[in-house]
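Take a look at the sequence and the 3D structure below. A short report follows.

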Amino acid sequence: MLNTLRTIVQEVSAASDLQAALDIIVQKVREAMRTEVCSVYLFDSENSTYTLMATEGLNKTAIGVAKLSQSEGLIGQVGQREEPINLEEAASHPKFHYIRETGEEKFHAFLGVPIIHHRMILGVLVVQQQERRRFDEHEEAFLVTMSAQLAGVIAHAEATGSLHVTSISPSSITKTARFQGSPGATGVSIGEAVVLAPAADLSVVPDRDYKDLDKELVALDKALEAVREDMRSTAAKLAGRLPEEERALFDVYLRMLDDNALGQEIRSRIHEGHWAPGALRQVIQEHVQNFELMDDAYLRERAVDVKDLGRRVLASLQQDEQDNIEYPDNTVLVSEELTASMLADVPHNKLAGLVSVRGSSNSHAAILARALGIPTVMGVVELPYHKLTGKPMIVDGNLGIAYVSPSKELLEHYQVVVEEEQEFTKGLEAISDLACVTPDHFRVPLWVNTGLMTDTVRSLDRGAEGVGLYRTEVPFMLRERFPSESEQEKIYRQQLEAFAPRPVTMRTLDIGGDKSLSYFPIKEDNPFLGWRGIRVTLDHPEIFLVQVRAMLKASVGLDNLRIMLPMITNVFEVEEALHLIHRAHAEVLSEGLPVMMPPVGVMIEVPAAVYQVRELAKRVDFLSIGSNDLTQYLLAVDRNNPRVAGLYHSFHPAVLQALQKVVDDSHREGKTIGICGEMAGDPVAAVILMAMGFDMLSMSATNLLKVKWALRKITMARAKEILAEVIKLDNAMVIRSSLELALCRDGLGKVLGIKSKRFKSSQETGE
């Protein structure tokens with residue numbers, strides 16, 4: 001059964017559109033289960049109806065015609081209960097409803113399973129049989145597995161507009177598809193998708209139409225000939241070193257690339273309307289699939305050869321194609337994995353938003369996007385990006401949501417949000433040079449998180465009072481080797497000089513987890529609970545000492561350096577790190593450089609540190625909470641995993657109680673406490689963080705003026721009243737809603753983006 005399932009999944013994945021996939025499903029499932037009927041009913045949430053979309057065994061004329069209301073019949077019952085219904089005699093069930101068009105009166109046994117995607121009912125998969133019997137548990141499990149596979153196919157079809165191949169209803173043509181990811185950079189943008197694929201990766205080549213048939217054919221011919229010539233040249237070079245049977249492989253490859261073989265198949269696909277790279281991908285994938293399904297092990301291995309040929313041809317095609325991409329105004333750049341070079345290729349005045357299937361809020365592309373102020377959503381793992389070129393999209397970087405083919409209602413809503421945000425942002429420039437002081441004269445220092453020089457420029461323009469977090473790993477990520485001590489010194493000096501005399505808090509190298517260096521790979525089953533942060537640098541004192549010496553030398557004459565240690569879990573780590581820092585300081589002094597010993601602090605970002613704050617505070621000069629990691633560790637939720645994004649919430653009662661405990665314990669030891677996670681840059685959160693007693697809030701430069709505007713509008717007394725009300729609540733969503741409601745009453749709704757975050761419609765929720 002496993003091999004059968006694998007075969008069906010491969011065929012469905014290769015289907016040209018949804019209708020083809022449904023037809024494959026009903027045919028193959030009926031054969032695999034040796035039953036007489038297999039059907040798929042899809043649910044239209046806008047009309048609350050199920051429609052028969054594909055069948056093997058019932059009357060084909062009923063497809064697109066047979067309909068049931070949301071609660072009607074056994075189909076409706078399966079959908080409402082969201083679990084399988086397995087009946088020996090369907091007609092005896094009180095919910096049975098006979099659909100005359102289908103001709104199902106002769107079938108007795110019934111097994112229906114719901115098709116569910118992200119808690120939303122998409123349809124029902126059904127098998128029926130004339131014999132009166134219950135389907136056994138293995139058959140039921142098989143059908144449940146198939147429905148799970150079908151759920152992703154249907155969700156992708158909604159996003160790409162192919163759901164209406166056999167139309168459920170006219171409204172389904174414009175149905176909005178909503179995909180959850182992780183916020184990469186705040187803001188909202190509306191634009192047109194442009195899909196970029198990494199070099200020579202066939203699996204991520206998008207589908208796209210072309211404007212000039214002859215141009216596509218010429219490009220293909222040129223690419224095929226280039227690869228053939230490369231093959232001949234390689235064969236000639238190796239002629240004296242390879243046995244005859246190995247050299248014969250080159251002849252096989254050349255014949256495969258012949259105009260009468262793969263070349264002709266690709267050319268036919270181009271004539272059907274596919275651009276050259278897309279046609280190449282389709283043909284290669286079909287051949288690879290055929291080889292992989294063969295029983296003979298030697299023939300299965302030939303799939304690798306076909307893949308290699310495809311990559312070679314694609315690389316040649318991409319050499320010309322990359323230079324000819326047309327970027328429309330308000331481009332939303334979409335890729336399986338965004339890179340800095342991709343961002344650089346798009347004219348800055350045309351780049352409206354970014355969406356990446358892979359990556360996290362700490363990816364280099366996300367960091368750069370925040371520096372540039374481009375709304376970004378990362379980690380949208382289920383986005384069918386292959387087919388999105390040219391489609392309208394909305395990027396909500398505040399909530400980490402990407403909308404494809406948005407409805408008129410949703411577009412109008414977000415257009416207002418964009419216009420209001422632009423107008424409001426312009427008005428904020430007037431407070432750039434003003435201090436963040438509440439109406440009752442309480443001063444809140446606002447610092448920034450940086451990693452690139454572009455961050456620095458934006459930070460200074462917005463009146464940042466210091467740097468609460470300088471990510472020293474960013475320069476490491478931009479290189480193909482560890483930067484030398486002198487290279488690091490130069491980089492750190494630029495940062496320290498730019499902000500002098502304002503303080504700059506440099507976090508020592510923080511790699512591991514979702515931050516990796518290509519030249520220092522860390523492979524672990526559970527990287528977030530593995531070798532990361534201070535654990536790495538204490539294990540490699542040669543890396544730590546070089547970095548600290550570079551920091552100290554960079555601070556000569558400026559004396560605005562602060563050093564911060566990441567991922568601290570115990571006192572011993574702090575003592576060991578302090579020993580190395582003092583050693584580095586002594587070494588720099590011995591070189592004759594007049595360097596002051598800088599303040600040293602620790603990051604509180606794991607639960608263990610929350611309960612050791614007073615012990616840690618006795619040994620360091622300051623503390624700072626990394627709210628991103630602290631939240632994910634307290635809640636056991638990977639903050640970069642969109643599948644559990646709804647469980648990651650900074651307003652969880654446990655998180656708020658932990659924050660208050662850290663503040664109180666730090667102050668009991670007479671030490672300052674700041675916060676440098678994303679939470680500090682949220683104006684809603686900033687109000688209660690101020691009330692908790694944080695001595696400093698550090699955030700992305702993009703959010704600084706919004707936070708300043710909010711805090712200048714509310715008194716500390718009022719903030720403490722609000723905190724006292726919400727700290728008693730036991731639900732994160734209720735806490736957030738209560739905060740927003742309270743702040744709206746105080747006239748802060750504009751900066752909080754309440755209108756954007758409270759929008760609910762059938763397009764967004766699927767209800």
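Does alanine 550 count as buried or exposed, and why?

## Alanine 550

Alanine 550 counts as buried because its relative accessibility is 0%. Buried means under 20% relative accessible area, exposed over 50%, and partly exposed in between (1.4 Å probe, protein chains only).

This residue sits in helix H17, residues 541–554. Helices (H or I, at least four residues) and strands (E, at least two) are DSSP runs, numbered from the N terminus. Alanine 550 touches Glu485, Gln488, Glu489 and Tyr492, leaving aside residues up to four places away in sequence. Contact means heavy atoms within 4.5 Å. Isoleucine 491 is 59 residues away along the chain, yet 9.2 Å separates its C-alpha atom from that of alanine 550.

## About the model

The model is predicted: local features need pLDDT of at least 70, side-chain atom pairs count only at pLDDT 80 or more, and totals for chains, interfaces and linings use all residues. Residues are numbered from 1 along each chain as its sequence is written, and side-chain values use heavy atoms, with hydrogens and water left out.

## The sheet

Six strands form an open sheet in the order S3-S2-S1-S6-S5-S4, with antiparallel pairing. Strands S3 (67–69) and S4 (85–87) are at the edges with a single partner strand each, so one side of each lacks a neighbour in the sheet. Two strands pair if DSSP finds at least two bridges between them.

Strands S5 (residues 109–117) and S6 (residues 120–129) run antiparallel and are joined by nine bridges. Histidine 117 stands opposite methionine 120 in S6.
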